[in-house]
Amino acid sequence: MTGVLASGYGFLSGPSWNLVADVQNMLSFAFMRNAFAASTASALVAGLIGYFVVLRASSFAAHAISHIGFAGAAGAVLIGVNPVLGVAALSLAASVGMGLLGRRLRGRDVVIGLVMAASLGLGYLFISLYKGNATDAYAVLFGQIFGITVGAVRITVLTSAVVLALLAAIYRPLLFASLDEEVAEARGIRVGAVGLGFMMLLALAVSEAVQVSGVLLIFALLVAPGAIAGRVFRRPAAALALSAALAILITWASLALAFYTPYPVSFYVTTLAFVLYLGVRAMGRGSGLRRRLAAAASPAREPAAERRQAATVRT
Amino acid sequence: MSGTAGSAAAAAARPVPVPAGGPDRPEAGSPAPVIEAAGLASGYRGRTVWSGADFSVGAGELLTVLGPNGAGKSTLLRMVLGLLRPAEGTLSVFGGAPRRGNPAIGYVPQRRTLDPDLGVRAADLVGLGVDGHRWGVSVSPHKRREKAQDVSRALASVGAAHLSGRAVGRLSGGEQQRLQLAQALVSRPRLLLLDEPLASLDLRSQQEVSQLVADLQAEHGFTVVLVTHDINPVLGVTDRVMYVAGGGVSVGPPEEVITSASLSRLYQADVEVLTDSRGRIFVVGLEAETAHPHSPRGLRP
């Protein structure tokens, strides 16, 4: 498998620590150019969709959609089709099902979880039936961006363009429905249709991101950047931009690290995402970064507030 | 704030826009009613919650809708918003059939407090009221500037200018209520529907919010329909009250509707209305109705 060889390919020579030379070295390989193109396109979409996933508190749905997609991937491998198409087919079906549940989706964790488990079982059956090389199925679980073909890169970039265009088209109603569903409905927004549309975009984003991070590690690309950005910026537009930027930077860094070390891309993606998330959380729970920094600059204010609070408690 | 004054005194102290030519019908010659209902019934899936409602709400009026949980108060608002079709009878809003997304209507739904982790700015939440229902992404810098002005004006009008940059999830219940009011006002509605705006607020915030609604109404002249389960915080500012209970609806000035005789008739039960030394009203004898809002007696076929 190309990917196995590719991982740590640059490790043989090692980085020169000259950033320009190292990037040039990396991009001199066609498989690295393909990997960068496809993962940038998927990360951009994952970052943007992920912000709304966090805003709509539907990360469990995202998780479930990707796992249901695994059955599609395994089925596709069995019949000799590109596994990503299998992921897309079943993810879309799952997203339509969940989207039609709409508002009733909340509190359906048990049903979604059971459908997810059944799909994973089905996927496992398909893999055990498959007589060929199981690497393809393994790649769906953990991602295998280094193995991506030129055709798959084209499909990925095209899918990203479609998702971006559709997301832009429903941006304002989606934001309204995500923040304030009842008022949005009263203002004439078809919140059910907007929610269904979003779930389908989510399924496409999942199908793309699976190539980078795999089904099991999708949270790192799809949820972490949005969660981090939502903690840093209070302006939705700024948070969206940061979320997309973080997703792209995490994938770029992971590709480079995987190129120069013997460890896989998705390990770096999850680790970087987790470390960044921990870092932002450590900066302050819920309070914006800037306010936290401002508070650090004028330390006299906070103890005063605490004293006031203590005084109130005593009285 | 005259919330501690007696109901009759409060009603007299405030000019009532709809003349007392009959509590349910505005006088001939007055401007067309904002909401008009005839034989209106509310219900869903074949179950009628209340029926036989005839009333109209005049321009610039503040109508308070009272009644126990599950009596169908919010249902009335949903019908006015065009989100629910009347089970029977007719309902007209601004002289036409209710329609979804009418920009002339501002709506503040009944609210549990917002997710404390919701890190979105207050100004962005209010801004949704300007263009949140439009497709696409706003790119025009001119429109963006205009929107920012509208938002800061709306925030200032509810006394929440200082909250503009704060994360909405971190605000108190009273502060969130002001934001939602600002969001409803930012599109300059002619009718404001408020569903339990005072619930889950402390006593002082209740007084502040109801006074704020009255002040805004006096300034802008819009019509307000305010749903609450406790009349006392709005006694000083409401023009008329509507009692939704026992499968029916009763409308009139507070001193006429909230009486032992009137409520006993409406509920078909022994209801006692008590007034304490500070003019606060207590309705006694509805405990069973509140506990079983859908009891057979409460439903009319």
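Me: What makes S1(B) and S2(B) partners, and how do they run?
Reply: Seven bridges join strand S1 (residues 35–44) of chain B to S2(B), and the two run antiparallel. Two strands pair if DSSP finds at least two bridges between them, so seven bridges qualify. Strands here are DSSP runs (E, at least two residues), as helices are (H or I, at least four), numbered from the N terminus. This is a predicted model, in which local features need pLDDT of at least 70, side-chain atom pairs count only at pLDDT 80 or more, and totals for chains, interfaces and linings use all residues. Residues are numbered from 1 along each chain as its sequence is written, while chains are lettered from A and ligands numbered from 1 in the order in which they are written.

Me: Why do S2(B) and S4(B) stand at the edges?
Reply: The open sheet has the order S2-S1-S4 in chain B. Strand S2 (47–57) and strand S4 (88–93) each have a single partner strand, so one side of each is left without a neighbour in the sheet.

Me: Why is H3(A) called roughly parallel to H8(A)?
Reply: Helix H3 (residues 30–55) and helix H8 (residues 150–169) of chain A pack at about 25 degrees, their axes 9 Å apart. Axes are lines fitted to C-alpha atoms, for helices over the stretch in contact, and angles run from 0 to 180 degrees between N-to-C directions. Angles under 35 degrees count as roughly parallel, over 145 as roughly antiparallel, 65 to 115 as roughly perpendicular and the rest as oblique. H3(A) is therefore roughly parallel to H8(A).

Me: Which residues of H3(A) make this contact?
Reply: Among them are Ala37(A), Ala41(A) and Leu48(A); contact requires C-beta atoms, placed from the backbone, within 7 Å.

Key. Two residues are in contact if their C-beta atoms, placed from the backbone, lie within 7 Å.
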